[in-house]
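Subject: Structure for you to look at

Hello,

Here is the structure I said I would pass on. Please open it first and keep it beside you while you read the notes below.

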Amino acid sequence: MNENKFLKIFSMLAFLAFAAVSCWATAESLHLLLPTIPLVLCWVVTVGFFFIASWGTKMIVDSLNQEIFMEKRGLHLIGGIILTIVFWLLCSMPTNTHTFFFRSVIDNKVSQDITMTKNYLNQIKKNEVTETKIKLKCTELRNQVELKLGELIEELKNPANPGNGPKVKAILDKLANLLGVVEIEQLSSRGSTVQERDKLCLAYRSKILHLLENRIIVLIKEMTPPNNDYMKHAENDYKNLELVEKYIDEKTLDLTNAEDVNTVCEQLNKGYATIKSYAQFVDFKNELDKEQYTAQNPVTKVKRMISVFDVWSDFLKGEYAGHGFFFWVMISILVDIAAFIFFDIAFKKRN
């Protein structure tokens, strides 16, 4: 008798211990997802749900116990299974896993998200991409013009058909198109001697290079933004993220605290919005980054981490391979099963 009483007390205490761990994890997950809801309310909901799930497992165990009398044994079994699935498999286990996994990776996830966002903001605030694009465009234009100019000089010096002719006119039309002018008039010269042809070539080269420099001036003006407001926005967002990093290092911001994580998300959201608005000034690392930052409603990597639904969705898509997610699934299951076993022992129905 005393042995049974000791086992019952021990089981109740053990149940409370494991249940406390499980309820803490679930309450933390709910508070991360809904930071505006007070943590105490999350605990109230969690404890209620976990007790119902525990009672569901007890109903299953009692319905399978042939040593006791029970009316409507089948209904007890079905009811217990339903309660366990709804309140444990769909609530407690996923949220517990979310909290354990979140706390194991959130430091790296925040660091990666801030670093990448700062990198793209830095491109905007320093105007790196615009300057690079302008230089590439100007270099491309110079090379194309030099190529056509070489063809023109070769044709002008062609001993079989020296001087101006239909082929020269065709090349000049292509050059005019490159240089953004309506027409490049042919220079008057017979080109019957080597000296005349050399003189004609120099004249054409001087004329075309002058048009090229004018075209480059216009090109730079066309590709240069009318103001630098976008650079100021990026500079401000960049500095805010630097402050976030500083506060994290100084432990002023706690990445296990829902409100603090939400603060990090707010600053990242501003950075994402600026990058989306001025994506033309960004050279994205890959298409995945481009899609993430320019989506209709961009969601930061950290924001996805605070949502139990998004974390499980990403896991099922294979995005957390090698991150130990399955390990935390097993830990969550074992903690809850231990609690259920001790609950069933403590409240086992006896004749």
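Where is the place of Gln-186? Gln-186 sits in the loop between helix 5 (166-179) and helix 6 (194-223). Helices here are DSSP runs (H or I, at least four residues; strands are E, at least two), numbered from the N terminus.

Two notes on the source. This is a predicted model, in which local features need pLDDT of at least 70 and side-chain atom pairs count only at pLDDT 80 or more, while totals for chains, interfaces and linings use all residues. Residues are numbered from 1 along each chain as its sequence is written, and side-chain values use heavy atoms, with hydrogens and water left out.

Gln-186 is partly exposed, with a relative accessible area of 36% (buried means under 20%, exposed over 50%, partly exposed in between, with a 1.4 Å probe and protein chains only). Gln-186 and Val-168 are 18 residues apart in sequence, and 8.3 Å apart in space from C-alpha to C-alpha.

Nonpolar cores

A nonpolar core is a set of buried Ala, Val, Leu, Ile, Met, Phe, Trp, Tyr and Cys residues joined through side-chain atoms within 4.5 Å. The largest one has 53 residues, of which Val-110, Ile-124, Ile-248, Val-264, Ile-275 and Met-305 touch the most other members. Elements that give two or more residues to this core include helix 1 (2-33), helix 2 (39-64) and helix 7 (229-249). Helix 3 gives the most, with 13 residues. Apart from this core lies another, of 23 residues, among them Cys-138 and Cys-201.

Leaving aside neighbours within four places in sequence, Val-264 is in contact (heavy atoms within 4.5 Å) with Val-110, Val-244, Ile-248, Leu-253 and Leu-255.

Ser-54 lies in helix 2 and counts as buried, because its relative accessibility is 0%. Not counting residues up to four places away in sequence, Ser-54 touches Phe-15, Phe-340, Phe-343 and Asp-344.

Cysteines

How many disulfides does a search of the whole structure find? The search finds 0, where a disulfide is a pair of cysteine sulfur atoms within 2.5 Å. For Cys-23, the nearest cysteine sulfur is that of Cys-91, 9.7 Å away. The sulfur of Cys-42 is 11 Å from the closest cysteine sulfur, also in Cys-91, so it is too far for a bond. Cys-23 is buried at 4% relative accessible area, and Cys-42 is buried at 5%.

The search used a 1 Å grid over the protein atoms alone: a cavity is a set of points where a 1.4 Å probe fits but cannot get out, a pocket is an open set with protein on both sides within 12 Å along at least five of seven lines, and lining residues have an atom within 4 Å of a point. Points are joined across faces, edges and corners, and a volume is the space filled by probe spheres set on them.

The structure holds 1 cavity of 30 Å³ or more. Its lining consists of Ser-22, Cys-23, Thr-26, Thr-46, Phe-49, Phe-50, Cys-91 and Ser-92. Helix 1, helix 2 and helix 3 each give two or more residues to that lining.

The largest pocket has a volume of about 630 Å³. It is lined by 20 residues, and Gln-292, Lys-301, Arg-304, Asp-314 and Glu-319 lie nearest its centre. Helix 3 (73-125), helix 9 (287-294) and helix 10 (301-305) each supply at least two of the lining residues.

Regards
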